[in-house]
Amino acid sequence: MALALPTPDAFPIFPYSTPYKIQLDLMRHLFSAIEERKMAIVESPTGTGKTLSLLSASVTWLNDEKERALKGRFIQLEESYAQDKTPDWLVKQSVEFAKRRLLLEEEEFQTRLDQARKREETMRNEQKSRLYKRQRVDTAMNNEDNDEDDEYLPEDEEDSNLSAEVRELMQRLEKSRRRDDSRTELEEPTCTKIYYASRTHSQLSQLQVEFEKLNRLSEQASDRPVARVVPLGSRKNLCINEELRAKEGDLDEGCRELMKEKGKKRCPYLPPPEDVTQMQNLRDQILATPRDIEDLVQLGKETKTCPYYGSRRAIRQAELVCLPYNLLLQKQSREALGVDVKDQVVVIDEAHNLIDTILNFVFTCNVFAKKVLTPAHALHLRRLVEFLVAVDRYCDQLVANASTSKTNSEKLMTPGEFFASLGEKVQGVNLLEIETYLRSSKIARKISGYCSKLDEKEKIASGERYLGQRNPNPPLHLVQNWIITLTNANEDGKIVASVSTPKDSGPIITLKYQLLNPSRIFRDIIEDARSVVLAGGTMAPMSDFYSQLVPYLADEKIALFSCGHVMPEENLKTIVVTRGPTGASLVYKHQQQRDLSVMSELGQILSNLVNIVPDGLVVFFPSYAFLNALRTKWKETGLLDKLALKKTVFFEPQESGGVDNVLQEYTTAIRRKTNDRKRGALLLAVVGAKLSEGLNFSDELARAVVIVGLPFANVGSVELQERMRYVKELDQKTAAADGKTPTKDAGMELYENICMKAVNQSIGRAIRHQNDWAALILLDERYGSARIRSKLPKWIGDGVSTPDGFGHVVKELAQFYRAHRVTA
């Protein structure tokens, strides 16, 4: 019997007594979408409490689902007894007994977590009360020379010298041994979960802050979290073996190598397989107290136990699993971590660039140039070598064809066309079999380890010092990933083969797989999960999500939600500027960006704005090339010096290392007083670069955001043209299947949407809370078109002004700032 959960009118775990109406609407919308097994697309601007609303709705559903699951089990139990014609009194007694047993098991587990929390608290109190001397971990490595190279042989799936019956008996014995060794882990139950993903660990750390604000349920102990939380990360984020981290090369491979060792050679932070207690204790401490990645690393150091494997161990009984995009979206990563989204809830925050993230999962290969194996190994390796030799010949032909051309050349083809171009000799090679062999035999690591050992022997023999460095990521791993892409459907992607010849260098041949169909990767999650939620502050234009990401879902399976802002309408002034001070039309297409008169007029516009806008003024340009050209021109004309008289001028650095310093100096300049007045600062940045996403320019840090032009991508790009062609053909096929005719060019729609998503992210840097106020100034007459306006964030609303002439622009902005100076 189905037990439907009614959508609640209130959410007690929401931390504030009276949520805004848009927050309550969002929570109800999300709860019903999860319950009805829908995919939800949610747009809620920054400052509206989006994260709190997402957590409150999903965790409320999770707790209601736990109660429903219990009721369902009891109903099933009663029905099974009824079929056996068991007396009513016995049915009632049996159900009560089962209920007490289940509740007791849950309470015993929670008590164990309470004890883990107290142990951690005691340990930290002891550290504070006395000088804590850390026990030095003995990481001495045994460098005993071993002449036996068997460990570098590919691993066999079966011993060909034994009969099938003996192999089957050995496998049964091995499975039985493993089951006995890990009985505790296997007996641990799993539970319904929320997988909460975001782009970066810093965003997930902020999620942790918001989670701790949630109210406890009335029946919960005050010191228990409202849900059991575990953060997941890669080895790069969680490894605490400093000696391993100090070595060059691939950290994942180094970790796996240490896992295979025994005794002193094994990683000192990873208990041996037979010692389940130490890792179980760490798991309990992880689940007992919500923490972020940094907290998890610190806990691992304090307990001297690996937090990477400890967090993986905690997944089964976690209720909220926090992880970055890449660990969720890639199937191999999910399998490696033990993440199973089957019938679970998946929430993807900051999902505005989800499609681009999926499409960027490309594999690129830059091409340059005794043990006895079993017959099976020799066969697979011979086929692999034949394939690689054919690829090498193909690359030689590419170089020969490009030798007469002085420019770089590119060629696009389907995986099938590429494979056919390798020659008849490899047409019978089964790439899936080769990929399966590479994965199961672990030969990439074996060859890498064997080469390291040879290198060590050679250096020791020549008297050189051997530093014990790891090899970089084994080249065969790249080959393995490349082979996987070649097995994709021809319509899902294209191979891009290019030849470049840098100065003072030989030719470099690049083979890259360009994924065109993001739904292929995402479909596993959509089909397995109970519900998938895509959320962001600025999701417009939303059409891309259901036309490219889930074109196969029926409209009734998608729940769209977009809300306004919590700020009053008068706190935002959105203005489209179509003409400059000279009366010239403002159009910042690529060909106009080198026009000296255009540069001069733009300089005059900024000269006016720095006199009107108080405090911080952030200006986004369509490209670094345009910004750098303006910087050079304005420096020559003295305009930069004139701007600096009004506001301190800052430029976004092209190197990411300088961003934090620029932001700090920009903030200081705004908050520094000169003659008892705030002088302010001007920040010149680039749409789609480092300052246009994920940063908070609240209050005085951005009293105006200016967008110069429309940052359309280079339409001459071969990859962009191919992507536009793909979505156009997909739209035509979908329309034909429904008996309709496309009403628009889906390729051009994609082209515009890519541009407007970048614009909308830059717009979202201002207005960060209810009492914030700022102006949004769009410099380009194309912003006046209905088509472009329709792709702006919905929270901007209908209050977009398009004054007739620059003088009216100045007048409207002056009135806006005067009004807020009076009320400030």
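Mentor: Helices H27 and H28 are oblique to each other, a word for angles that are not under 35 degrees (roughly parallel), over 145 (roughly antiparallel) or 65 to 115 (roughly perpendicular). Two packed helices are described by the angle between their axes and the distance between the axes. For H27 (residues 718-737) and H28 (residues 746-763), the angle is about 125° and the axes are 7 Å apart. Here axes are lines fitted to C-alpha atoms over the stretch in contact, and angles run from 0 to 180 degrees between N-to-C directions. The helices themselves are DSSP runs (H or I, at least four residues), numbered from the N terminus.

This is a predicted model, in which local features need pLDDT of at least 70 and side-chain atom pairs count only at pLDDT 80 or more, while totals for chains, interfaces and linings use all residues. Residues are numbered from 1 along each chain as its sequence is written, and side-chain values use heavy atoms, leaving out hydrogens and water.

Now to the residues that touch, with contact meaning heavy atoms within 4.5 Å. From H27 come Leu720, Arg723, Met724, Val727, Lys728 and Asp731, and they meet Ala746, Gly747, Met748, Leu750, Tyr751 and Ile754 of H28. By type, the residues of this contact are eight nonpolar, one polar and three charged; Ala, Val, Leu, Ile, Met, Phe, Trp, Tyr, Cys and Pro count as nonpolar, Asp, Glu, Lys and Arg as charged, and the others, Gly among them, as polar.

Notes:
Helix = DSSP H or I, 4+ residues; strand = E, 2+ residues; numbered from the N terminus.
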